[in-house]
Number of protein chains: 2
Amino acid sequence: MRYELYYWPEIQGRGEFVRLALEEAGADYIDVARRKGGTEKMLRLMDSPRVKEPSFAPPFLKAGKLFIGQTPNILLFLGPRHGLAPKSEQGRLWTHQLQLTLGDFLVEVHDTHHPIGVGLYYEDQKDEAKRRVSEFLKERAPKFFGYFEKVLTRNKTGWLVGRSLTYADLSLFQVIAGLRYAFPTSMQKLARKHPRVIELHDRVAKRPRIDAYLASDRRIPFNEYGIFRNYPELDA
Amino acid sequence: MRYELYYWPEIQGRGEFVRLALEEAGADYIDVARRKGGTEKMLRLMDSPRVKEPSFAPPFLKAGKLFIGQTPNILLFLGPRHGLAPKSEQGRLWTHQLQLTLGDFLVEVHDTHHPIGVGLYYEDQKDEAKRRVSEFLKERAPKFFGYFEKVLTRNKTGWLVGRSLTYADLSLFQVIAGLRYAFPTSMQKLARKHPRVIELHDRVAKRPRIDAYLASDRRIPFNEYGIFRNYPELDA
């Protein structure tokens, strides 16, 4: 079955967590909105009354007749089908729990440059962003890093769950890559204090399919439209 | 099996979505931290190296030997066990997708009074909160309301999913109840424009077990420590 991924074509954003899972799985998929006329098709689908289970926002995945929205939900679906989550219920719930926690982290990363509203430009909330990012780098990012370092310390295998890679590892890789792009200076200190998290990032980057994906033009470069933005004035 | 729910005892917060599901299910559970010494027990468990799958934050649920964290994940677990989610994979994914979208909404509600950081007092971010809430009430809340109204319009049964109540309905009920507490004036206009959402709220409130729960002292009143806070200066 060929999956159809629907997501904004200019950014990694939330869609990137799905792209990474599909790439690592070697799955057959189309990144619909990156093709000619694809964004229009996505917007039409979002408005279409024929879709009984509409998504609030991209990304969503078409898998046969199913439309699945919400990034963690898409990964919950893909995980057991492609060996990216354990088979047991306990393992699947735990993997999902980690993904949801990464999702919480991601919202806080996004809000460093958009503390007042997603509908406003960064330039219109720059002062508030400076306050928010200082709290984020001082309190929140270390708390999340410490949590994932603890999980890796307890599991002892180098992966977050069990003995092999899951979609939660791919997602943690993406968050670390993004934070390095956004906050290169602040990340040096965080990296030193959380070696297991960084080792996991490096190990994921070397997976043959991920390595090939990152070097391909399917990987959209980080930029200042996505979740992870490099605004030097925010990197303390 | 008697469930153990671990959550802050002073607030409804995220734990309330789990409480509502357990109450509607008539499940046997203990709200651990509301008992003597319970908060200390919760904090000890969060720090204990014996817990191999630690939660980043409450709520978490102990079910037999399982520890399950993250509100939507707990509901994903409870749903099929207590008739609060469809049996089919498609139905379970769709219910979960709605729950995750309500979770996104909830973060935005919380950030109306905490746009700069969770670690700071509201009083230290009042000016930013006024800007954020104006964007929230003008753009974001109507967008989320419109989405759930659309889902109810397409499903035609009065429930979000299929022909009977799911945990997503309980959660939408809670969000509406909270918004009415936090923004009584602004909610009047939103309610007029989204009658199906309000009807769902009222229908859930009349369920015998929910009705009994809301009248009991197990229901913690809304207050200014939780997600939904009544600050009259924020209610435009």
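Which residues in α6(A) meet which residues in α8(A)? I will get to that after some conventions.

This is a predicted model, where local features need pLDDT of at least 70, side-chain atom pairs count only at pLDDT 80 or more, and totals for chains, interfaces and linings use all residues. Residues are numbered from 1 along each chain as its sequence is written, and chains are lettered from A and ligands numbered from 1 in the order written.

Helices (H or I, at least four residues) and strands (E, at least two) are DSSP runs, numbered from the N terminus.

Now the helices. A:D169, A:L170, A:L172, A:F173, A:I176 and A:A177 in α6(A) meet A:V197, A:I198, A:L200, A:H201, A:V204 and A:A205 in α8(A); contact means C-beta atoms, placed from the backbone, within 7 Å. By class, this contact has 10 nonpolar, 1 polar and 1 charged residues. Ala, Val, Leu, Ile, Met, Phe, Trp, Tyr, Cys and Pro count as nonpolar, Asp, Glu, Lys and Arg as charged, and the others, Gly among them, as polar.

Next, the strands of chain A. Pairing requires at least two bridges found by DSSP. Strand β3 (residues 60-63) runs antiparallel to β1 (residues 3-6), with 3 bridges joining them, and A:L5 stands opposite A:L61. Another 4 bridges join β3(A) to β4 (residues 66-69), also antiparallel; A:A63 has A:L66 as its bridge partner. β3(A) and β4(A) form a hairpin with 2 residues between them, and A:G64 in the turn has a positive phi of about 65°.

Last, the two chains. 35 residues of chain B are in contact with 35 residues of chain A. The chain B side divides into 16 nonpolar, 9 polar and 10 charged residues.

Terms used:
Contact = placed C-beta atoms within 7 Å.
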